[in-house]
Amino acid sequence: LAEQVKILPQKALETFVRDEKSLRAQELDGRSPILQGLVAEEILEEKLELSQEVKEKLHELKNKGIDVNQLILSAIQKREEEIAEEKAEIVFEQENADKKEKTSRHISVKIEKLTQKEYGDKCAVPNCQKKSEQIHHTLPFALLKNHNPYFLKPLCKEHHAIAHGINLAYSKARSRFSGN
C-alpha cells in the first residue's frame, strides 16, 4: 500500500483501498456457500431489469414448455462464440499484416467495438460500475507492438491508473532484484 500511495493519483488510491477492503471482507465472510449463493441470486435478480416485453415473451415460452434458462444460455454461448471468432480474425489479420508496417499505438475502431461488445460500457474490474474510459493492454504494447484483443480490457480511469501503478511497482522491484 505504501508503494501505491507514492504512485497513484488520489482518486485511484481511493478506488484501490475500496477494492482491497471489499476483497478482504469477502475473504473474511463466514457465510456458508449455500447462503452466499442465495444472497448472490437476490442481488442478481435486483440488478436485472428486464423490460415488460421480455418478461412476457419469456413467460410465453415457459408456458409452451420451452426451457427459457437453456434458451438464454444458448444465446449467451452464441454471443461468446461470435466474440471469440472476431478476436481470432483480428489476431490472424495482425499476424499476417505486412511486417514492415509499423503498428500504431492507436487502437482501431474495429477492436474498440469488439471490446465494447464483449465488456459493455463498464469497467472490466468485477463489481466496478464506473464507465470504462480507457482500453488497457494487459500485456504491454511496448512489448508486443500489437493490439491483440485477448489482452485488452476496458477500464475506468482509476483502475487504469492502478493497473499501471502495479506494473510500475513491479518493474521497480524487479530492477532492484536484478541489479539493473
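Visitor: What do the buried residues of helix 6 pack against?

Guide: They pack against helix 5 (68–95), strand 1 (134–137) and strand 2 (152–155). Keep in mind that this is a predicted model.

Visitor: Okay, and which residues of helix 6 are the buried ones?

Guide: In helix 6, which covers residues 109–119, they are I111, L114 and T115. They sit on the same side of helix 6, because they cover an arc of only 100° around the axis.

Visitor: You mentioned G120. Where is G120, and what's its phi?

Guide: G120 follows helix 6, and its phi is positive, near 75°.

Visitor: Which residue other than glycine has a positive phi too?

Guide: N127 does, with phi near 70°. Most residues other than glycine have a negative phi. You'll find N127 in the loop between helix 6 and strand 1.

Visitor: Is N127 buried or exposed?

Guide: N127 is exposed: its relative accessibility is 62%, and the cut-off for exposed is over 50%.

Visitor: Switching to strand 2. Where does L155 belong, and is L155 buried or exposed?

Guide: L155 is part of strand 2. L155 counts as buried, at 6% relative accessibility.

Visitor: What does L155 touch?

Guide: Leaving out residues up to four places away in sequence, L155 touches C123, A124, V125, S132, E133, Q134, H136, H160 and A163.

Visitor: New topic: how much space lies in the second largest pocket?

Guide: About 260 Å³. The second largest pocket is lined by 14 residues, and the closest to its centre are D19, E20, L23, V125 and P126.

Visitor: Which helix gives the most to that lining?

Guide: Helix 2, with 7 residues. Helix 2 (10–28) and helix 8 (157–178) each supply at least two residues of the lining.

Visitor: And how does the lining split by class?

Guide: It has 7 nonpolar, 4 polar and 3 charged residues.

Visitor: Zooming out, how many helices and strands does the protein chain have?

Guide: There are 8 helices and 2 strands. From the N terminus on, the order is α-α-α-α-α-α-β-α-β-α.

Visitor: How much of the protein chain counts as buried?

Guide: 19% of its 180 residues. The protein chain exposes about 13800 Å², and 56% of that comes from carbon and sulfur atoms.

Visitor: Last one: what share of the contacts with a separation of 6 or more comes from residues 24 or more positions apart?

Guide: That share is 60% in the protein chain.

Technical notes:
Residues are numbered from 1 along each chain as its sequence is written. This is a predicted model: local features need pLDDT of at least 70, side-chain atom pairs count only at pLDDT 80 or more; totals for chains, interfaces and linings use all residues. Side-chain values use heavy atoms; hydrogens and water are left out. On a 1 Å grid over the protein atoms alone, a cavity is a set of points where a 1.4 Å probe fits but cannot get out, and a pocket is an open set with protein on both sides within 12 Å along at least five of seven lines; lining residues have an atom within 4 Å of a point. Grid points are joined across faces, edges and corners, and a volume is the space filled by probe spheres set on the points. Helices (H or I, at least four residues) and strands (E, at least two) are DSSP runs, numbered from the N terminus. Ala, Val, Leu, Ile, Met, Phe, Trp, Tyr, Cys and Pro count as nonpolar, Asp, Glu, Lys and Arg as charged, and the others, Gly among them, as polar. Buried means under 20% relative accessible area, exposed over 50%, partly exposed in between (1.4 Å probe, protein chains only). Contact means heavy atoms within 4.5 Å. Accessible areas come from the Shrake-Rupley method with a 1.4 Å probe; for residues, only the protein chains shown count as cover. The arc is that of the directions from the helix axis to the C-beta atoms.
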